[in-house]
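Let's take a walk through a protein model together. Keep the sequence and the 3D view open as you read.

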Amino acid sequence: MIPLSGGGRLDPPDRRLLARAVALGRKGWGRVHPNPMVGAVVARNQRVLAEACHEEFGGPHAEAAALAVSGDARDATLYTSLEPCRHTGKTPPCTEAIRSAGVSRVVYWAADPGPESGGGGAWLRHRGCRVDGPFGHRAHWAAENPVFFHTRKAIRPFVGLKLAMSLDGRIAPAGGQRVWLTGREAREEVHRLRAGFDGILVGTRTWKADDPRLTARGSVVPRILPVRIILDRRGEVPGSAQVLADDPPTLVVTSSCEAPGLRDRLGGRADVLAVPVAGTRLDLRELFQRLARRGLTSVLCEGGGTLAVSLLAGGLVDRIYIFVAPLFVGGKGIPAFPVADFLNVKAPARSFGGWKLRLDPARFGDDTLIVWDRGG
């Protein structure tokens, strides 16, 4: 059940229908960005008349879509996961559609943070519609629509870190040989996650060991293909690497001294980006700022412990996706990352060091996905 507090009291039927609206919104993953994922339910006397979600960027918003198929919505209640927008963008304001339909009550979960789109709840109240909301807290809303809430205030993309590890905290056996720790269902979920990010990034050790394609090949076809990004400080990526095949062109991040030669060697097979070197590693903070200037609002980082440590040590991770496989690798295996050092773990808890467990752990076959968010 979604976290609910504030905005007045809701009885169990209201809670159920509002939770249904939130669940419907998740169907927009990978298709509605940069818009938020939103779901809506139209009901009268707790009987559902219609439900819908925002399905495609540029298409009808969830509220308007639900009202369009609801029939007579006069004196009905509209449940929506996000405050109805009150501005004209690619579609007309949802507040106008709600008012025109004669809806007598609106229940919404998250407040819209936009200076132009926000304020729809107050707009409706001033015109005689009963409005209940928002409920919960910004951290809960951001957990549901992380990129949407992040980009309202950040100068770098929202950064997700994905790791798969064994029960004893290892990502690979000794020697780093390539093995699948997780099963088919978990790997399918990774492809679904990729579809919702603007870019997918891996470190040098990962592309050398795995020769990945870094494409989203799951049930969700991304509206815009994620940019594939590999770190290659020494300019060593071979032209035969799988990540250089297909569209769109891969972004190879290297040092300034290696960039000219790498561009000549790869030709048009990759977009080479030179960033400063901090110590012995590429400056990831500078990289993310440059990615933001290129229009990337979210990056999913996959790979090994070295990249994970660099990201966490630099305070550059907003969400951690950990897939835990029910097996043991052994003490000589490669550790995922030193959690106690970089996440400030002092005692067993569901939150620590500014990190908190978000959403509910989910099972994918025999594996379990645990999600942690920073801040809030």
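Just after helix 10, Gly295 has a positive phi of about 100°. Helices here are DSSP runs of H or I with at least four residues, strands are runs of E with at least two, and both are numbered from the N terminus. This is a predicted model, in which local features need pLDDT of at least 70 and side-chain atom pairs count only at pLDDT 80 or more, while totals for chains, interfaces and linings use all residues. Residues are numbered from 1 along each chain as its sequence is written, and side-chain values use heavy atoms, leaving out hydrogens and water.

Now step back into helix 10 itself, residues 284-293. At its start, a side-chain oxygen of Asp283 comes to within 3.2 Å of the backbone nitrogen of Arg285. Which residues of helix 10 are buried? They are Leu284, Leu287, Phe288 and Leu291, where buried means under 20% relative accessible area, using a 1.4 Å probe and protein chains only.

Next, look for the largest nonpolar core, which has 38 residues. Such a core is a set of buried Ala, Val, Leu, Ile, Met, Phe, Trp, Tyr and Cys residues joined through side-chain atoms within 4.5 Å. Val42 and Val106 have the most contacts inside this core. Among the elements that give two or more residues to it are helix 1 (12-25) and strand 4 (105-110). Apart from it lies another core, of 34 residues, including Leu284 and Ile322.

Methods:
Buried < 20%, exposed > 50% of the residue type's maximum accessible area, 1.4 Å probe, protein only. Polar contact = N/O pair within 3.5 Å; in protein donor to acceptor, adjacent residues only side chain to side chain.
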